[in-house]
Amino acid sequence: MNRWGSAMVGFAGLSRPQELVGDMRLEEVYTAAERLRSGYGRTLQHWAGRLAGKYAVLRLLGVSPTAEHLGQAEVLPRPTANCAKTAVCHTGHPPAVRLGGALRAAAGPDRQIRLSLSHTDGKVLAVAVASARLPEDENEA
């Protein structure tokens, strides 16, 4: 496994999530939770951010970017201690990565993947970093 992976996804000029993934099916690339979260009043920027995060994770793990592998890297916001789950959060939620299938094994049991996303008006940059697990990671699968 690499120490870090990065990816950039452009979405300027696109109008639908399907355009981001080309010939791949949205249902394979994005989990049900991601599709729900991205589709609920969100812009194409949110879809692109999740996709960039997935690509960065796959590069970190040294895994080919197939629809199956992309679908095994779930990118969703992680509520922080500053934000109650029932309250509006004004500080934002950092992205969290949950791995499934072969990707979980590729990451190893003692490693956690941290993800950072940066958006512009037409592109998203994602950086994934492997680190040791921290105490706050104990509640994650």
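**Side-chain pairs in close-up**

**View 1. The aromatic pair of Tyr 30 and Trp 47.** One aromatic pair is found in a search of the whole structure, a predicted model in which local features need pLDDT of at least 70, side-chain atom pairs count only at pLDDT 80 or more, and totals for chains, interfaces and linings use all residues. Residues are numbered from 1 along each chain as its sequence is written, and side-chain values use heavy atoms, with hydrogens and water left out. The ring centres of Tyr 30 and Trp 47 lie 4.9 Å apart with the planes at 90 degrees, so the pair is edge-to-face (rings of Phe, Tyr and Trp, the last by its six-membered ring, pair if their centres lie within 6.5 Å; planes over 60 degrees apart count as edge-to-face, under 30 as stacked and the rest as tilted). Both Tyr 30 and Trp 47 are buried (under 20% relative accessible area; exposed is over 50%, partly exposed in between; 1.4 Å probe, protein chains only).

**View 2. The salt bridge between Lys 54 and Glu 34.** The structure holds three salt bridges (a side-chain nitrogen of Lys or Arg within 4 Å of a carboxyl oxygen of Asp or Glu). In this one, the closest N and O atoms are 2.9 Å apart. Both Lys 54 and Glu 34 are buried.

**View 3. The salt bridge between Glu 74 and Arg 98.** The N to O distance is 2.5 Å. Glu 74 is buried at 10% relative accessible area, whereas Arg 98 is partly exposed at 43%.

**View 4. The salt bridge between Arg 25 and Glu 27.** These side chains meet at 3.7 Å, N to O. Arg 25 is partly exposed, with a relative accessible area of 46%.
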